[in-house]
Structures are given as structure tokens and as C-alpha cells.
There are 2 protein chains.
Amino acid sequence: MTYCVGILVRDGLVMLADTRTNAGLDNIATFRKLHLYQTEGERAIAVATAGNLAVSQSVLNILTEGLENPETGRIETIHTIPSMFKVAQFVGRAIREVYRIHGQSMEQQAASFDVTMLLGGQVKGGRLRLFMIYPAGNFIEATTDTPYLQIGEHKYGKPILDRAVTSDTALYEALKLGLVSMDSTLRSNLGVGMPIDIAAIRRDDLRFEISRRVDDGDEYFASLRERWSAALRAAHQAIPNPPYDKP
Amino acid sequence: MTYCVGILVRDGLVMLADTRTNAGLDNIATFRKLHLYQTEGERAIAVATAGNLAVSQSVLNILTEGLENPETGRIETIHTIPSMFKVAQFVGRAIREVYRIHGQSMEQQAASFDVTMLLGGQVKGGRLRLFMIYPAGNFIEATTDTPYLQIGEHKYGKPILDRAVTSDTALYEALKLGLVSMDSTLRSNLGVGMPIDIAAIRRDDLRFEISRRVDDGDEYFASLRERWSAALRAAHQAIPNPPYDKP
């Protein structure tokens, strides 16, 4: 399994991804799922992947090696495409290209062609945007109403986002809430594991302000986990017990 | 969808279930999913159901109408079986009986035979126990290591239970945590809806100390939801922002 989340707020964008992959329960490995593409001052784009690892690695290769645009006949890459909307279309085409090559054989082997991606970032001249791209290559976009998108094992970490994240949330607050959401998922699902990769882009900055791996030795994340646990304990202890014994 | 949870602590047992059923997104109704069977001083048993409504209603009918025990030839009901373990076996047999009658036809219609049940309670002379029964009629039991069991849409409400519930949790504290877990699920999944049914049995009391429906007008539950939200907000606000801008 996997858990990735992107949060798009007024100040910018944060993206977080765990690194655990597993084939069954007994074949667990660490693979980077958050991939960053930056030309400082021109573009900063992050792609997070969930689903079949062979499929997502193939798609990522196509993003940098390039794919012919059927309309212009030119080879495009994630480094050259002139707008985020066109990048989303391009990622969708890359997924369909992998399906064209491997899809049928995978289905014959009962391997499901499941891949979902988060695509966030900004290209000079355009807006900072966040998309979720489906296995069919179609996609949706985060809006001010729903400023976050999740892929993979999304349910454990959703309640805190539903409660706390709005498009007015400050950038580092959004990162903190993403880490809390990740923490809930890590605790409840063995298929999601440390280390986690995080990235942040400030709107119109066209570079990654944060791009780092948070591992088991990270002091801040350890303290966030501990404080969050303690606060939850205090929170439910402060609520009085139900009065339902009185009929 | 459905969310039901049972928590077995030293003091007793609580069970909670929502009441929303849906066939698709546009056919939503309210059905009781928590069913109580009590002979005061002799037995108090609760059954919560998730999955196909036709299947679970048929099973519930068999529980009270009775089923022949293949070993003794006698007709047994949930009111007469002499131990909780035998009741769990009986519920399993009832599920298999419904499968025998409807299973094949349902599969022909591409309707999946999915039903999962929580069975909790105590019969005089035996222990207070909590089981989860699968569609095949087999079952597992809650233990002091894992004192709660969930069926249905379980992920949203799992983090708080993972963090806060132990077998030493007091009975009304467990009920409160069950309500917090239900609240998280209600907020994040439209398939789970109010009102909710709750029950509590104190160990060796052989009667339901609580058996009530909590609806939208319930003051305590409204205040629990509000306090919990406010506490979560305060909790994450009290955590400092990530220091990850310093490279």
C-alpha cells in the first residue's frame, strides 16, 4: 500500500508520500514515490504515485524520456510542457501509453493495471495547481472547496484533513496537518511505512522551498507524533462520559 | 455502507452501530443494525450486522426462529443456546444456511454474499465475550491485546481506537471513545449515518445497562462532536510548525 497527500492552499502546495511498497505481506521494500522536477524560476512540479510499482516506474520514465504529442508531432517531457493543465494531460497520456504496452498482458496474468498519481506544481506564467490522475489517464483538480487530494490508503488520514484543512490554511500549517494525517495512517496500516518524503512550493516561487526525507530519526516528526498522541488523549479525557445510564 | 464497533473492556462491553443503508448512492434508508436479546439475569447478547441487508435480515430471523443443531437434532435459538461460543457457532451456521438457500442465485445475479457480524454478550455461567463472524460462518474473538472489533467502514474511526482503547479502559470511557470513532466515520463517509444505536453490558450483570438510540437531537452527542472538533483544532494548533525550511 501507499499513502500520498497533496494540499493546495493560498500560500502554496505541500505534497507528502510514504515509501513502503509490498508484494504480498512478506515482500516489503522502500521505494521513493514522490518525484520532483524543478527548473528554478521556471517550473517546480511534484508527482506522487500509488498502485502497481512497475506501471508507475514506467510512467515516470516516460515523463522524463518524453512522449510524442499526437497533435504537434513533437517529443514532450515534464521539463518542457508549457502549462500544468498540459502536464496533467501528458501524464494521462503516459499512463495510457504504459497501458497500451503492458495492460493486456497484465490482465492476462490477473495483475490489475492500477496506478493513481498526484500531480502538483506551477509552470511560469500559470497558476499553482494540484491534480489527481486516474488509471484511465483522466483527472480531477483540487479547488478551494476541496483543497486536498489523497491517493492510496486514504481513509485513516482523512478525518483530520476534513476537519482542519481549508484553502486559507498557512503553508507550514498545511504541512504539519499532512504529517498528522500521515501519522494516523502509519499507525493504523502496516502497508504504509517510514521514511516519508515531503515537498513544499510557495505560490509563484517556482522552486521547492522544502524537499526532504523525514526518517525515523527526525526529531520534529517524533515530537509531532508524541504531542499529537498526548493531545488526543487529553482531548478525549476532557470530554465527560456519556450520561446514558440514566434512562 | 455501515459502521459498527464493539469494545470489550474489563468492566464490560459496548456496541455501537449506525443505521444507514444504501443501494447505490440514490437509495438511502434507515435500518436498525444493532439487535439485542436479553433475558435479564440469564443472558444479554447484542448482534451488529454489516453487508447485504437481505442476507443479514434472513440471518437475524433464523437467530430467533431457530435452526436445528445437526449434532443434537434440537431446534436452537439465540435465547436458548447455553454459551457464547456456541452462540457464535450458531450465528455462523445461520449465515451458512442463508448462503445455502440464496448464495448461488445471488452470485448468478452478481450480488455478492457479503455479511459480517459482531456478536457480543454473556450467558449465565460463562464469560462476557465479543466475536466477529465472517461470511463463511467462521469467527474471531476480541482479546485483551485487541479489545475492539469493527465491521463495515472501519478505517476512519480506527486511529482513535488504536490510540486510546485498552482492555483497562472504563466502560463509559469505552462508550465515549466508540462515539468519537463513530463521529469520525460519520464526518468522512456519507454511507454511514445517524441515528446511531448503542448498547452496554456490565460484566456479570446479564442485562443491558444501556440500550438506546442516539439521534440528531441528542445533546450529549452534539456536545461530544463539538468538543472533539475543538480539541482537535487546539491539538494541532499547539504543535509548532515544521522547521523544515532550514536546509
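Author: In chain B, α4(B) and α5(B) are roughly perpendicular to each other, a term for angles of 65 to 115 degrees. The axes of α4 (residues 171-188) of chain B and α5(B) cross at roughly 75° and come within 10 Å; these axes are lines fitted to C-alpha atoms over the stretch in contact, with angles from 0 to 180 degrees between N-to-C directions. Both helices are DSSP runs (H or I, at least four residues), numbered from the N terminus.

Please keep in mind that this is a predicted model, in which local features need pLDDT of at least 70 and side-chain atom pairs count only at pLDDT 80 or more, while totals for chains, interfaces and linings use all residues. Residues are numbered from 1 along each chain as its sequence is written, chains are lettered from A and ligands numbered from 1 in the order in which they are written, and side-chain values use heavy atoms, leaving out hydrogens and water.

Now to the contact itself (heavy atoms within 4.5 Å). From α4(B) come K176(B), L179(B), V180(B), D183(B), S184(B), L186(B) and R187(B). They meet Y220(B), F221(B), L224(B), R225(B), W228(B) and S229(B) of α5(B). By class, this contact has seven nonpolar, four charged and two polar residues; Ala, Val, Leu, Ile, Met, Phe, Trp, Tyr, Cys and Pro count as nonpolar, Asp, Glu, Lys and Arg as charged, and the others, Gly among them, as polar.

Conventions. Helices (H or I, at least four residues) and strands (E, at least two) are DSSP runs, numbered from the N terminus. Angles under 35 degrees count as roughly parallel, over 145 as roughly antiparallel, 65 to 115 as roughly perpendicular and the rest as oblique.
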